[in-house]
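Could you walk me through this model, from its charged pairs to its aromatic rings and its nonpolar core? A short tour with the cut-offs spelled out would be welcome.

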Amino acid sequence: MGIKNVINEHYILKNLQGLDFVPKIQNFYKDDTQTLLKTDVLSGNRLDNIPLNETILNCLFILSEQSVKSQNKTKSNLKFIFAHGDFCPWNMMEKNKKILLFDWEMGGNYPVGYDLFTYIFQTNFLLNPKKSISEIMLENKDNMKLYFKYFKIYDWNNYLLEFILLKIDLEIKKREHNKAVLYENLLNFVKINNKT
């Protein structure tokens, strides 16, 4: 899995070299037993657990406009866009009021909202474990509506459901069963409330 992730990160970064908020590739080496990717080191201030804001939303919109082919396969009929794949504060820095992103190994094409929901739910699940799902939803409701309005999607419940199912599958594959349970709880919450 590690070699596959490094190869994907190299592919993603190679396709994003025109963006000023991703690290530049210095060297890439691959043979039958090892893979090495060396990039520039990003410098800036690590982001704390900051709420979703306009700067972060704008970064998501810029990412969504990138045309990078992906190996992500799905049978979903939902709209897909390019995404970081692990869009969380611990993979970000801020410099001169600009977001810098690193750790691109999960980058690819995902359903609209994947990075947004990752930022909202994964960040809260891991950094604010006492916060309830209803509190998380309420705090982020306006930004979620604003985000999906950008894509002219007004009923985004199916996008949230697809995100949850993808995260459950990913966490189970990584044997992170405690994290999978958090997304199963979110799935139950969404099914019970049936309206986002």
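The report below goes through the model topic by topic.

## About the model

This is a predicted model, in which local features need pLDDT of at least 70 and side-chain atom pairs count only at pLDDT 80 or more, while totals for chains, interfaces and linings use all residues. Residues are numbered from 1 along each chain as its sequence is written, and side-chain values use heavy atoms, with hydrogens and water left out.

## Salt bridges

Let's start with the charged pairs. A salt bridge here is a side-chain nitrogen of Lys or Arg within 4 Å of a carboxyl oxygen of Asp or Glu, and a search of the whole structure finds 4 of them. One of these joins the side chains of Lys98 and Asp20, at 2.8 Å from N to O. This pair links distant parts of the chain, 78 residues apart: Lys98 sits in strand 6 (residues 98–101), and Asp20 in the loop between helix 1 (2–15) and strand 1 (25–30). Helices (H or I, at least four residues) and strands (E, at least two) are DSSP runs, numbered from the N terminus. For accessibility, buried means under 20% relative accessible area, exposed over 50%, and partly exposed in between (1.4 Å probe, protein chains only). Lys98 is partly exposed because its relative accessibility is 34%, and Asp20 is exposed because its value is 52%.

Another salt bridge pairs Asp169 with Lys173, with 3.2 Å between the closest N and O atoms. Both residues belong to helix 5 (residues 157–173), where they are 4 residues apart, about one turn of the helix. An α-helix has 3.6 residues a turn, so residues three or four places apart point the same way. Asp169 is partly exposed at 38% relative accessibility, and Lys173 is exposed at 63%. Glu171 also forms a salt bridge, with Lys174, and here the closest N and O atoms are 3.6 Å apart. Glu171 is buried, with a relative accessible area of 1%, whereas Lys174 is partly exposed at 38%.

Helix 1 has 14 residues and spans 20 Å from first to last C-alpha, close to the 20 Å expected at 1.5 Å a residue; the expected span is 1.5 Å times one less than the number of residues. Its buried residues include Asn5, Asn8, Glu9, His10, Ile12 and Leu13. Among the elements covering them are strand 1, strand 2 (35–39), strand 4 (80–83) and strand 7 (108–111). Thr35 is found in strand 2 and is buried at 17% relative accessibility. Not counting residues up to four places away in sequence, Thr35 touches Ile3, Val6, Ile7, Phe28, Tyr29 and Lys30, where contact means heavy atoms within 4.5 Å.

In helix 2 (residues 54–64), the buried residues include Ile56, Leu57, Cys59, Leu60, Phe61, Leu63 and Ser64. Their cover includes strand 4, strand 6, helix 3 (114–127) and helix 4 (133–150).

## Aromatic pairs

Which rings come together? The structure holds 20 aromatic pairs. Phe148 and Trp156 form a stacked pair, 5.3 Å centre to centre with 10 degrees between the planes. Rings of Phe, Tyr and Trp (its six-membered ring) pair if their centres lie within 6.5 Å; planes under 30 degrees apart count as stacked, over 60 as edge-to-face and the rest as tilted. Both Phe148 and Trp156 are buried.

Phe163 and Tyr183 have ring centres 5.8 Å apart and planes at 80 degrees, so this pair is edge-to-face. The pair links distant parts of the chain, with Phe163 in helix 5 and Tyr183 in helix 6 (residues 177–193), 20 residues apart. Phe163 is buried, with a relative accessible area of 1%, and Tyr183 is buried at 2%.

## The nonpolar core

A nonpolar core is a set of buried Ala, Val, Leu, Ile, Met, Phe, Trp, Tyr and Cys residues joined through side-chain atoms within 4.5 Å. The largest one has 57 residues, and Leu116, Phe117, Phe121 and Tyr147 have the most contacts inside it. Helix 3 gives the largest share of this core, 7 residues. Leaving aside neighbours within four places in sequence, Phe117 is in contact with Gln122, Met144, Phe148, Trp156, Tyr159, Leu160 and Phe163.
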